[in-house]
Amino acid sequence: MGGLGDILEQFTRVGFGNEARSWVSTGPNLPISPEVIAQVFGREGLGRIASQAGLDERQASEGLSQVFPEVVDRLTPKGQVPDLDSLSASVDDLRRRLGL
């Protein structure tokens, strides 16, 4: 799976474009279910995420359903999906702040 834009496009492809757009927009974030997270990321992608986080797939999809809208919202504060360079710089800055 590619960058943030690609992930948001996948939400649209599976019928949850309104939810994805709400996370990018400056209004309230619509919720998403763990089942939709599993559908978007696929079994393999969700398995990798779960493994890296030390969780099972169910825990990973439940956790992502709770935090993903907020993460996207924070990555798009002006209602625009950042380009890859901006996103990388934001992740690098967050890592430095967390001492990682």
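Are W23 and F68 buried or exposed? In this predicted model, W23 is buried, and F68 is buried as well. These two residues are a handy entry point to the fold, since several of the features described below involve one or the other.

Taken as a whole, the protein chain contains five helices and zero strands. Read from the N terminus, its elements follow the order α-α-α-α-α. Of the 100 residues in the protein chain, 28% are buried.

Helix α2 (residues 17–24), which holds W23, is mostly covered, with six of its eight residues buried. The buried positions in α2 are G17, E19, A20, S22, W23 and V24. As for their partners, the buried residues of α2 pack against α1 and α4.

A pair of aromatic rings is described by the distance of the centres and the angle of the planes. The count of aromatic pairs in the model comes to four. In one of them, the ring centres of W23 and F68 are 5.7 Å apart and the planes meet at 85°; because an angle over 60 degrees counts as edge-to-face, this pair is classed as edge-to-face. The pair links distant parts of the chain, with W23 in helix α2 and F68 in helix α4, 45 residues apart. F68 also pairs with F41: here the ring centres are 5.9 Å apart and the planes are at 85°, so this pair too is edge-to-face. Since F41 belongs to helix α3 and F68 to helix α4, the pair ties together parts that are 27 residues apart in sequence.

Accessibility values complete the description of these rings. F41 has a relative accessible area of 14% and is therefore buried, while F68, with a relative accessible area of 9%, is buried too. Through ring pairs, F11, W23, F41 and F68 are linked into a cluster.

The axes of helix α3 (residues 34–53) and helix α4 (residues 57–75) come within 9 Å and cross at roughly 125°. That angle makes α3 oblique to α4. The crossing in which α3 passes α4 is right-handed. On the α3 side, the contact is made by P34, I37, F41, R43, L46, G47, I49 and A50. On the α4 side, E57, A60, S61, E62, L64, S65 and F68 take part. Sorted by class, the contact of α3 with α4 comprises nine nonpolar, three polar and three charged residues.

What remains is a position towards the start of the chain. G5 lies in helix α1 (residues 4–13). With a relative accessible area of 27%, G5 is partly exposed, whereas W23 and F68 are buried. How far apart in space are G5 and Q80, C-alpha to C-alpha? The two residues are 9.9 Å apart by that criterion, although 75 residues separate G5 from Q80 in sequence.

Technical notes. Residues numbered from 1 in each chain as written. Predicted model: local features only at pLDDT ≥ 70, side-chain atom pairs only at ≥ 80, totals over all residues. Heavy atoms only, no water. Axes fitted to C-alpha atoms, helices over the stretch in contact; angles between N-to-C directions. Helix = DSSP H or I, 4+ residues; strand = E, 2+ residues; numbered from the N terminus. Parallel < 35°, antiparallel > 145°, perpendicular 65-115°, else oblique. Left-handed = near helix turned anticlockwise from the far one by under 90°. Contact = heavy atoms within 4.5 Å. Nonpolar A, V, L, I, M, F, W, Y, C, P; charged D, E, K, R; others polar. Buried < 20%, exposed > 50% of the residue type's maximum accessible area, 1.4 Å probe, protein only. Phe/Tyr/Trp six-rings, centres within 6.5 Å; stacked < 30°, edge-to-face > 60°.
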